[in-house]
Amino acid sequence: MPAVKEFLKLDQNTVRQLDGIEVEKTFTDKASGKDTSRPKLDELLAFVREGDEVIVHSMDRLARNLDDLRQLVRSLTSKGVKVVFVKESLTFTGDDSPMANLLLSVMGAFAEFERALIPERQREGIAAAKARGAYTGRAPALTTEQVEQVCARAEAGESKSVLATEFGVTRQTIYNHLRASAAQ
C-alpha cells in the first residue's frame, strides 16, 4: 500500500481528500504549503523508500512555490519513489516525459500564482466591505470601561497575568492597552 502525503490547513477535510484511496500511512501537515519547513513533510521524506508511492491530493498541498515543488518531486523520484497528484491526474517516476515535466512546471506555476493573488484579493475584499460599511474588523477584546479598569489596577500594582486571566485576554493585550494609555 502506498504512503500518502496530504498538506492540510486546520479547517480542511482529510476524508474528502482521501476519498476512495487506501494508504499505508498518512502524513498530514497543519502548516501551510507555502514553504518546505514542515514537520510532517520532513517525516514523509525520512519515511519513504524506493518503490513507495506518495499520493498527494493536489500540487498546492505539496508546495505553493514552483521551485520547491520541482525540487520535492525531483528529490522523491530520485529515491525511486513514485509521486501521484490526484486532482491533476499526474504521476511522476523520474523517467518522465518532457510533456510531464512541462505540465508539472505549468501547473506548479499556476499554484504559485494563485498563492500570490490571495493577499491581493483579501485586501480588495476588505476595502469593498469597508466601503459598503459591512466590515468593521474584529471586535475589541476589552470594552472601554474594562480597559480603564485594567489600566487603573495595573498602575496600582496588580499583576498583569492575574488581570489577563480575570479579563480573559492575553498578557500582551494588557500590555498593549497599558502602552496605548501611557501614550495618551
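The legends below describe close-up views of one predicted model.

Residues are numbered from 1 along each chain as its sequence is written. In this predicted model, local features need pLDDT of at least 70 and side-chain atom pairs count only at pLDDT 80 or more, while totals for chains, interfaces and linings use all residues; side-chain values use heavy atoms, with hydrogens and water left out.

**View 1. The chain and its elements.** The chain has eight helices and five strands. Helices (H or I, at least four residues) and strands (E, at least two) are DSSP runs, numbered from the N terminus. Read from the N terminus, their order is β-α-β-α-β-α-α-β-β-α-α-α-α. Of the 184 residues in the chain, 33% are buried. Buried means under 20% relative accessible area, exposed means over 50%, and partly exposed lies in between (1.4 Å probe, protein chains only).

**View 2. The largest nonpolar core.** A nonpolar core is a set of buried Ala, Val, Leu, Ile, Met, Phe, Trp, Tyr and Cys residues joined through side-chain atoms within 4.5 Å. The largest one holds 20 residues, of which Leu 62, Leu 69, Val 73, Phe 85, Phe 92 and Leu 104 touch the most other members. At least two residues of this core come from each of helix H2 (39-47), strand E3 (53-56), H3, helix H4 (66-78), strand E4 (82-85), strand E5 (90-92) and helix H5 (98-132). H4 gives the largest share, four residues. A second, separate core has eleven residues, including Leu 142, Leu 163, Phe 167 and Ile 174.

**View 3. An aromatic pair, Phe 85 and Phe 92.** The whole structure contains two aromatic pairs. Their ring centres are 6.0 Å apart and their planes are at 70° in the case of Phe 85 and Phe 92, so this pair is edge-to-face. Rings of Phe, Tyr and Trp (its six-membered ring) pair if their centres lie within 6.5 Å; planes under 30 degrees apart count as stacked, over 60 as edge-to-face and the rest as tilted. Phe 85 and Phe 92 are both buried.

**View 4. The largest pocket.** The volume of the largest pocket is about 160 Å³. On a 1 Å grid over the protein atoms alone, a pocket is an open set of points where a 1.4 Å probe fits, with protein on both sides within 12 Å along at least five of seven lines; lining residues have an atom within 4 Å of a point. Grid points are joined across faces, edges and corners, and the volume is the space filled by probe spheres set on the points. Among the lining residues are Arg 70, Val 73, Arg 74, Phe 92, Asp 96 and Leu 104. H4 and H5 are the elements that give two or more residues to the lining, and H4 has the largest share, four residues. The lining divides into three nonpolar, four polar and three charged residues. Here Ala, Val, Leu, Ile, Met, Phe, Trp, Tyr, Cys and Pro count as nonpolar, Asp, Glu, Lys and Arg as charged, and the others, Gly among them, as polar.

View 5. Arg 38 sits in the loop between strand E2 (25-29) and H2, and is buried at a relative accessible area of 1%. Its side chain reaches the backbone oxygen of Leu 62 at 2.7 Å. Arg 61 belongs to helix H3 (residues 59-62) and is buried at 6% relative accessibility.

Note on methods:
Polar contact = N/O pair within 3.5 Å; in protein donor to acceptor, adjacent residues only side chain to side chain.
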